[in-house]
Amino acid sequence: MIIPKFRMIAKASPGTVLEDLCNRLAIDDGIHHGAGVAYERLLLARASAKTKAKLVTAANVLLPVFVEHELWRPRERAWIGEAMRSADIARLKDELEHGVRLARSLGLDVGDVRLPF
């Protein structure tokens, strides 16, 4: 989920070293992500139904914690956090839905995953 954040930062800082760095990090992380997904696909193909069910259970426990973390702002930035909250929720909802589609493509039955939105 870091790649969209690198892209967002790069888009917000055109023509800067930060833009270049974030674009390079997105490419590098994309390479690592691709390798990880390929390995995950292999592991899930061999996983038992019980193990796959445990992954869905874990997702239902961890997704609300993840969402809370993603939407948290330091006290000093709370004023801007409220102004950005609806955009942050829309972005996060898209990212979570992408994660569900990816899990489904890997053979997980994600019908029981409860998205926090």
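In which helix is the place of Ala90? Ala90 is placed in helix α4, where helices (H or I, at least four residues) and strands (E, at least two) are DSSP runs numbered from the N terminus. The structure is a predicted model, in which local features need pLDDT of at least 70 and side-chain atom pairs count only at pLDDT 80 or more, while totals for chains, interfaces and linings use all residues. Residues are numbered from 1 along each chain as its sequence is written, and side-chain values use heavy atoms, with hydrogens and water left out.

Ala90 is partly exposed, with a relative accessible area of 41%; buried stands for under 20% relative accessible area, exposed for over 50%, and partly exposed for what lies in between, with a 1.4 Å probe and protein chains only. From C-alpha to C-alpha, Ala90 and Ile2 are 16 Å apart in space, although 88 residues separate Ala90 and Ile2 in sequence.

A search of the whole structure finds 7 salt bridges, each defined as a side-chain nitrogen of Lys or Arg within 4 Å of a carboxyl oxygen of Asp or Glu. One of them joins the side chains of Lys5 and Glu70 at 2.8 Å, N to O. Because Lys5 lies in helix α1 and Glu70 in helix α3, this pair ties together parts that are 65 residues apart in sequence. Both Lys5 and Glu70 are buried, and the relative accessibility of Glu70 is 14%. The side chain of Glu70 also meets that of Arg91 in a salt bridge (3.6 Å, N to O), a pair that links distant parts of the chain, with Arg91 in helix α4 and Glu70 in helix α3, 21 residues apart. A further salt bridge is formed by the side chains of Asp88 and Arg73 (2.5 Å, N to O); here helix α4, which holds Asp88, is linked to the loop between α3 and α4, which holds Arg73, the two residues being 15 apart. Asp88 counts as buried, at 7% relative accessibility. Lys5, Glu70, Arg73, Asp88, Arg91 and Glu95 are linked in a network of salt bridges.

Pockets were then examined on a 1 Å grid over the protein atoms alone, a pocket being an open set of points where a 1.4 Å probe fits, with protein on both sides within 12 Å along at least five of seven lines, and lining residues having an atom within 4 Å of a point. The largest pocket has a volume of about 770 Å³ and is lined by 28 residues, of which Met1, Gly99, Val100, Leu102 and Ala103 lie nearest its centre. Two or more lining residues come from each of α1 (2-12), α2, α3 (49-71) and α4 (78-105). By class, this lining holds 21 nonpolar, 3 polar and 4 charged residues.

The second largest pocket has a volume of about 320 Å³, and its lining includes Lys5, Glu70, Arg73, Asp88 and Arg91. The elements that give two or more residues to this lining are α1, α3 and α4, and α4 gives the most, with 4 residues. The lining of the second largest pocket comprises 5 nonpolar, 1 polar and 6 charged residues.

Leu21, found in helix α2, is partly exposed at a relative accessible area of 44%.

Note on methods
Points joined across faces, edges and corners; volume = space filled by probe spheres on them. Nonpolar A, V, L, I, M, F, W, Y, C, P; charged D, E, K, R; others polar.
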